[in-house]
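This briefing concerns aromatic ring pairs and the charged side chains placed over ring faces. Please read it alongside the sequence and the structure shown here.

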Amino acid sequence: MYQKGKVRKMVSVAIMGHGVVGSGVAEILLTHKQKLFSHLGEEIYIKKILDLREFPDSPIADRFTKDFEEIINDLEIRVVVEVMGGIHPAYEFVKRCLKAGKSVVTSNKELVAAHGAEFFAIAKEENTNFMFEASVGGGIPIIRPMNQCLVANNVREVAGILNGTTNFILTRMIEDGMPFDDALKLAQDLGFAERNPAADIEGHDACRKICILASLAYGRHIYPQSVHTEGITGIALEDVKFAEAFGYVIKLIGRVKKLDDGRIDILTAPMLVPFNSQLSNITNEFNGIMVRGDCTGDVVFYGKGAGKLPTASAVVADVVDCCKHLKARRFLFWADGDGKNIIDWRDSVSAMYVRASGENAAQKAEAVFGDINVTEGDGVTAMLTTEMTYRVFEEKCKALKAQGVEILSAIRIGDI
């Protein structure tokens, strides 16, 4: 296969973190070594793995280290994989690697959402690469297609089911009539939800991901703290049933769209998604991301948004890309942002689903909202309003409350 005595070229890499994703990255780099060599023309050699734990049974146990300095000071290591998670010490380690002229690949959406613009600026200055395909859709290709395949499009909107945990919970509520708390416990028992599921069920994970996609689509960093975020903890089985009666399913959606004046409308919140939407049939732990381009129309990316090998495969794809471009930067970049290009979330326009109780609630709601679609059951009134800003919607809800109507639930209707 190789000529005798011929030296096989290689690129040395380091992996920071040997948890679920990190061990998957190491596994793929070892078991798919020949496949990657045939694609790259060079061997990808794992020189160091950083972890505070010991793995004596690993086939590469001798390459583990607990000292980051061994990675930063090794001139042979050209690409570093960060799969530690969290902000610290990942932020400090990634920054130092980039400044040392090493390209960095990460799956850490929290880190990218918080510091992506800063890392891009350093990578540009040092002629290195910062890549993060696995940070949004796990094993779903989305960063590279948006950055390359859809580059001829003006992206009008991006909307997606970006969190598998919440989608699994909502699927069980929809298909099995399971209350939220029971569905959450099942998700935890099956390993889809963490013991502390707050980042998922309160919408923060999905928010970070839509911030990354928005930053990529529109060229300026969108920070999560600038984005209105709601979770699914307030969704009741009554809402699920009424939504179905109206022809919708409830999904947690991260959505951003560009307005005619150049500003962007971005939020993360539960939405009623119509049955005919391509996102409505995405169930359980799967993710789906719709990109609406002015040339392509709607393009949907679907797959598992997490998991050891799906996420690791996206990380390894970025490693290969970095190895191909050791002496040249990939054009993947966005500038820093100050949030001034984002509209106030209360000025965002959508139709609304409302569940309410009170005497003559339907008649009073029609007098306040105008044209509505109404259904009633078990002493409760559910309705769909026409489009309005959320600011106007809040004012109308106050008017209803003054008439003795209690708003039990309010969910946006997604035009997706």
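Phe130 has a relative accessible area of 2%, and because buried means under 20%, this residue counts as buried. The model is predicted, and a search of the whole structure finds 15 aromatic pairs in it, among them two pairs that involve Phe130 and are described below.

**Phe130 and its ring partners**

- Phe120 and Phe130 form an edge-to-face pair, in which the ring centres are 5.7 Å apart and the planes stand at 80° to each other.
- This pair links distant parts of the chain, since Phe120 belongs to helix α5 (residues 109–126) while Phe130 belongs to strand β6 (residues 130–131), and the two are ten residues apart.
- Phe120 has a relative accessibility of 0%, and therefore counts as buried.
- Phe130 also pairs with Phe132, and this pair is tilted, with 5.7 Å from centre to centre and 35° between the planes.
- Both Phe130 and Phe132 are buried.

- Ring pairs join Phe120, Phe130 and Phe132 with Tyr91, Phe119, Phe333 and Trp334 into a cluster.

**Charged side chains over rings**

- Lys124 lies over the face of Phe333, a member of the cluster, at 5.3 Å from the ring centre.
- Arg172 lies over the face of Phe168, where the distance from the ring centre is 5.6 Å.

Conventions
Residues numbered from 1 in each chain as written. Predicted model: local features only at pLDDT ≥ 70, side-chain atom pairs only at ≥ 80, totals over all residues. Heavy atoms only, no water. Phe/Tyr/Trp six-rings, centres within 6.5 Å; stacked < 30°, edge-to-face > 60°. Helix = DSSP H or I, 4+ residues; strand = E, 2+ residues; numbered from the N terminus. Buried < 20%, exposed > 50% of the residue type's maximum accessible area, 1.4 Å probe, protein only. Lys NZ or Arg CZ within 6 Å of the ring centre and 35° of its normal.
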